[in-house]
Amino acid sequence: SKDQFLIVAFDRAIFDYYSQQGYEVELFEDVPEETYHNWTWDPNSKFRALVKHKWTLLKKYFSTNKSLMWLDSDVVFLKNPEEILKTITLPTFQIDYPAACICTGLMFFPDSPISDEMLDILGAQNIEDAIPYPASHRRS
């Protein structure tokens with residue numbers, strides 16, 4: 001139901017739309033959509049800056065809402081995942097293939113000390129350490 005969701009909007013249009021639909025919505029930052037959909041490995045890109053904020057937001061909301069899922073707006077469930085989520089005891093992330101890398105667009109943090117520890121670490125890290133670059137883009 002709508003009361004089980006908090007939407008954190010990164011632009012005014014998304015905030016306005018979901019507010020009108022009756023969802024609880026917070027406007028984190030009003031950034032034009034085109035500036036964060038242009039994903040690059042550039043450490044100064046707007047997309048990477050927004051990804052950095054995920055960890056801060058997750059830690060903030062996990063402190064009061066144990067068993068927390070983060071979904072990007074392009075993630076769609078074909079079935080209600082609630083029963084499966086009840087069986088997950090460790091932090092869980094989407095894996096993108098064929099690159100086999102962790103994607104932060106779908107994350108689930110169950111109520112566990114490991115979730116707390118992971119969010120503490122990721123929330124405190126420099127984003128350069130938390131999101132790895134491909135070898136060709138690493139700084140020496």
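Me: Which residues do ring pairs link into a cluster?
Reply: Tyr17, Tyr18 and Tyr23 are joined that way. Before we go on, this is a predicted model, so local features need pLDDT of at least 70, side-chain atom pairs count only at pLDDT 80 or more, and totals for chains, interfaces and linings use all residues. Residues are numbered from 1 along each chain as its sequence is written, and side-chain values use heavy atoms, with hydrogens and water left out.

Me: OK, what makes rings a pair?
Reply: Rings of Phe, Tyr and Trp (its six-membered ring) pair if their centres lie within 6.5 Å; planes under 30 degrees apart are stacked, over 60 edge-to-face, and the rest tilted.

Me: And how many aromatic pairs does that give?
Reply: The count is three. In one of them, the ring centres of Tyr17 and Tyr18 are 4.9 Å apart with planes at 90°, so that pair is edge-to-face.

Me: How are the rings of Phe93 and Phe109 arranged?
Reply: Their centres are 5.7 Å apart and their planes sit at 90°, so they are edge-to-face. Phe93 is in strand S4 (residues 92-96) and Phe109 in strand S5 (residues 101-109), so the pair ties together parts 16 residues apart in sequence. Helices (H or I, at least four residues) and strands (E, at least two) are DSSP runs, numbered from the N terminus. Phe93 is buried at 18%, and Phe109 is buried at 0%.

Me: Switching topic: which residues in the largest nonpolar core touch the most other members?
Reply: Out of 15 residues, that's Trp55, Leu57, Leu58, Trp70, Met107, Phe109 and Leu119. A nonpolar core here is a set of buried Ala, Val, Leu, Ile, Met, Phe, Trp, Tyr and Cys residues joined through side-chain atoms within 4.5 Å.

Me: Which elements give two or more residues to this core?
Reply: Helix H3 (46-62), strand S3 (68-71), S5 and helix H5 (113-124). H3 gives the most, with six residues.

Me: Why would those side chains sit together?
Reply: In soluble globular proteins, nonpolar side chains tend to be buried together.

Me: What is Met107 in contact with?
Reply: Skipping neighbours within four places in sequence, Met107 contacts Lys54, Trp55, Leu58, Leu68, Met69, Trp70, Thr92 and Phe93. Contact means heavy atoms within 4.5 Å.

Me: Back to H5, which residues are buried?
Reply: Ser115, Leu119 and Leu122. Looking down the H5 axis, the buried residues fall within an arc of 70°, so they line one face of the helix. That arc is taken from the directions from the helix axis to the C-beta atoms. On the other side of H5, Pro113 and Ala124 are exposed.

Me: Where is Glu29?
Reply: In the loop between strand S2 (24-27) and helix H2 (33-36). Glu29 is partly exposed, at 23% relative accessibility. Leaving out residues up to four places away in sequence, Glu29 touches Ala9, Phe10, Asp11, Lys46, Leu50 and His53.

Me: Last one: how many helices and strands in the protein?
Reply: Six helices and five strands. Along the sequence they run β-α-β-α-α-β-α-β-β-α-α. Of the protein's 140 residues, 29% are buried.

Terms used:
Buried < 20%, exposed > 50% of the residue type's maximum accessible area, 1.4 Å probe, protein only.
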